[in-house]
Amino acid sequence: MPDPTPPAETARYRAFMEAALAEARAAAAHGDVPVGCVVVKDDRIIARGRNRREADRDPTAHAEVLALREAARAIGAWRLTGCTVVVTVEPCPMCAGALVLARVDRLVYGCADLKAGACGSLYDIPADGRMNHRVAVVRGILEAECGNVLREFFQARRS
């Protein structure tokens, strides 16, 4: 199915994905799985997050959760309406649920996670009609680059 996202929006998402990739690389440099995230409101980044599970010894320290917390502090509210979350890897069930509960308008992600993805791969929490909110999803922005960051990290760990 072709991407219905207009080219101008796709270009804008790519710029934000580059910022998320920088966060992912920073996570890898500190021994965490390289996932990076930014939250965008009114065409500017208001929050950033990177995986910190190893650094913080916290199973909930996923890039998305940390970025959502920072975004809520930045705007002074837990409802993140008007916000777009841009993340390098498809969110897991915990993070997808957090996006719904935070009332995020849109999720943009790079590569799918066929083992734990909850935004179209294994589950589709953002589109689930049983939830109290739905999140629009744009998939595959800088997909190859996002996937490469993960592959390189795990190849280095195996060596």
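**Notebook: sheet, helices and loops**

I began with strand β1 and found that five bridges join β1 to β3, the two strands running antiparallel. The model is a predicted one, in which local features need pLDDT of at least 70 and side-chain atom pairs count only at pLDDT 80 or more, while totals for chains, interfaces and linings use all residues. Residues are numbered from 1 along each chain as its sequence is written, and side-chain values use heavy atoms, with hydrogens and water left out.

I noted the terms before going on. Helices (H or I, at least four residues) and strands (E, at least two) are DSSP runs, numbered from the N terminus. Two strands pair if DSSP finds at least two bridges between them.

**Entry on the sheet**

I asked in what order the strands of the open sheet stand. The order is β2-β1-β3-β4-β5, five strands with mixed pairing. β2 and β5 stand at the edges with a single partner strand each, so one side of each has no neighbour in the sheet. From one strand to the next, the twist averages 20 degrees. Here axes are lines fitted to C-alpha atoms, for helices over the stretch in contact, and angles run from 0 to 180 degrees between N-to-C directions.

I also recorded that α3 packs on the sheet and touches β1, β2 and β3, its direction making about 140 degrees with that of β2. Contact means heavy atoms within 4.5 Å.

I checked how covered β1 (residues 36-41) is, and five of its six residues are buried. Buried means under 20% relative accessible area, exposed over 50%, and partly exposed in between (1.4 Å probe, protein chains only).

**Entry on two positive phi values**

I examined the hairpin that β1 and β2 form, with two residues between them. D42 lies in this loop, and its phi is near 55 degrees, a positive value in a residue other than glycine. Is D42 buried or exposed? D42 counts as exposed because its relative accessibility is 68%.

I compared this with L142, found in the loop between β5 (136-139) and α5 (143-158). The phi of L142 is also positive, near 50 degrees, and the residue is not glycine. L142, however, counts as buried because its relative accessibility is 12%.

**Entry on helix α4**

I moved to α4 (residues 93-101), where C95, A96, G97, L99 and V100 are buried. Which elements cover these buried residues? Among them are α3 (63-75), β3 (83-89) and β4 (106-111). I noted as well that R103, with a positive phi near 65 degrees, follows α4.

Two packed helices are described by the angle between their axes and the distance between the axes. The axes of α3 and α4 come within 9 Å and cross at roughly 25 degrees. The two helices are therefore roughly parallel to each other. Angles under 35 degrees count as roughly parallel, over 145 as roughly antiparallel, 65 to 115 as roughly perpendicular and the rest as oblique.

The crossing of α3 and α4 is left-handed, a word used if the near helix is turned anticlockwise from the far one by less than a right angle, with right-handed used if clockwise. I listed the residues that meet: E64, V65 and L68 from α3, and M94, C95, A98 and L99 from α4. By class, this contact has six nonpolar, no polar and one charged residues. Ala, Val, Leu, Ile, Met, Phe, Trp, Tyr, Cys and Pro count as nonpolar, Asp, Glu, Lys and Arg as charged, and the others, Gly among them, as polar.

**Entry on two loop residues**

I looked up C92 in the loop between β3 and α4. C92 counts as buried because its relative accessibility is 16%. Leaving aside residues up to four places away in sequence, C92 touches H62, A116 and A118. From C92 to S121 I noted 29 residues in sequence and 9.8 Å in space, C-alpha to C-alpha.

M131 counts as partly exposed because its relative accessibility is 29%. With residues up to four places away in sequence not counted, M131 touches V100 and I125. M131 and G97 are 34 residues apart along the chain, and their C-alpha atoms are separated by 9.2 Å.
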